[in-house]
Amino acid sequence: MTLNVLHADLGDPDADITSHDTYLGGFPHAAFARLREESPVAWIEEGDGSGFWAVTKHADVIEVSRDYNRFTAARGIRIEDMADDELVARRTLMEFDPPDHTRLRRLVQPGFTPKVVASYEEAFRRLARLVLDEVLALGEFDFVTEVARELPIRLLCRLLGVPESDSGRLVAWGDQMISNADPEYTPVIIDKVDTDEYRLLPFRSPAALEVFRYAEEMALERRANPKDDIVTTLLNAEPDGEPLTDLEFKNFFTLMMVAGNETTRHTISHGLIYLRNHPEQFEAWRSDPAAMSKEAAEEILRASGVTMHFRRTATEDTEIRGVPVAAGDKIVMWYTSANYDEDAFDDPFTFDLRREPNNHVTFGTGRHVCLGAALARLEVRVFFEEFLARVASYEVGEPDRLRSNFISGIKHLPVSVKLN
Ligand code: HEM
């Protein structure tokens, strides 16, 4: 393996990759490097007699993602198994295969084409400037709470059509749901307390009740006053000649809210750390942002790999890389591992803002490829362009990481800046 220049600590090669605690120390790169080398399709026991196949190589992640006939999303996309009633109650676009998936995705796809997303650039740039101009003047601050947590949600509010003044509530609910293993964000810690009474709610989280109530209010409002936004689009939609049911609408709203906010913000925080640890790359980008921004944003996305995995289920007895897999087996695709696969990237542990080609799988691939990829790319690029235009140098303190085997997140990041 190449000398580690991207991560100071590769972690324990024998780390338990299922444990939320493992990720408090960052992504366990050494453990995944070992799996890629020794057992790229590895059976991982979960302790209760069940287990899953951990797919850790780039080529295999692509194969599993693209073959929805052999590997279905309809049995769930997270490691946790769901009973049939849970699956039905919590189903979103993500838990359908074609052709149902295609019909549902078509409802929201037009709002996320590269052309439409490009039209949001000025609005996001203004938001970034507003937030940065206010906070940079402080000199020292928590980058996550003051900047990273603020930005994506504000743009998302505009897209969804919800008032920006509600962004604080939406972020807090999103944190409680997606960060359901971290005690800072929720008292209902998924692997520590009994969440059975919430089993039919997204992320088994009571916060989903509040999001559902909020979505119901939004629906009432938009039925009376339709606008050009995602909420109105969903309410008017008739994917199968019938409108979405109340529950389908609420699950869709929740998905868009969480997926569009909880991911990009962590990418920006990781990027800030990488750039601090690579001053020569920071200087190069700062001196010529126009020439480098696109590739630089891709490299930050590759290196950070914020959604670490998604799951599929085998529909038939089959093989992955020659390893026999039985019908009904759970397959977990580790995107972050694939992004560091030595067979897919030259020197994957080198942070190279000019990396080309950069075929990372941070956004997945195949039919479920991230709907918001163009938006996330724009946000990462524009945020750093505005940051680099203002900051001459900066220091970062120790990141406080999210307890999660799903999202590679940063909860707090002390930063001090020297302005141009
Ligand atoms: C850096 C930021 C982001 C990352 C790392 C990310 C990651 C991903 C990944 C890996 C998938 C594929 C899931 C699968 O294969 O089952 C996905 C799907 C999805 N993403 Fe993102 N995402 C990001 C930003 C966004 C944004 C900004 C939005 C919306 C505003 C969004 C909305 C969605 C939706 C709706 C899906 C489901 C697509 C489907 O099932 O067809 N994401 N995302």
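**Burial, strand pairing and the ligand shell**

Mentor: Of the 420 residues of the protein, 44% count as buried; a residue is buried if 20 or more other C-beta atoms, placed from the backbone, lie within 10 Å of its own, exposed if 12 or fewer, and partly exposed in between. The model is predicted: local features need pLDDT of at least 70, side-chain atom pairs count only at pLDDT 80 or more, and totals for chains, interfaces and linings use all residues. Residues are numbered from 1 along each chain as its sequence is written.

Trainee: Why is strand 8 called largely enclosed?

Mentor: Strands are DSSP runs of E with at least two residues, and helices are runs of H or I with at least four, both numbered from the N terminus. Strand 8 covers residues 330–334, and five of its five residues are buried, so the rest of the structure largely encloses it. Lys330, Val332 and Trp334 point one way, Ile331 and Met333 the other way, and all are buried.

Trainee: What makes strand 2 and strand 5 partners of strand 8?

Mentor: Two strands pair if DSSP finds at least two bridges between them. Strand 2 (residues 51–55) has three bridges to strand 8 and runs parallel to it, whereas strand 5 (residues 309–314) has five and runs antiparallel. Both therefore meet the criterion of at least two. Ile331 of strand 8 stands opposite Trp53 and also opposite Arg312.

Trainee: Which residues of helix 2 are buried, and how do you know that they share one side?

Mentor: In helix 2 (residues 58–66) they are His58, Asp60, Val61, Val64 and Ser65. They cover an arc of only 165 degrees around the axis, which puts them on the same side of helix 2; the arc is that of the directions from the helix axis to the C-beta atoms.

Trainee: How many residues surround the ligand?

Mentor: There are 28, and the closest are Gly260, Thr263, Gly364, Cys370 and Gly372; a residue is near a molecule if its C-beta atom lies within 6 Å of it. Helix 12 (246–259), helix 13 (264–277) and helix 17 (373–390) each give two or more residues to this shell, the largest share, three residues, coming from helix 12.
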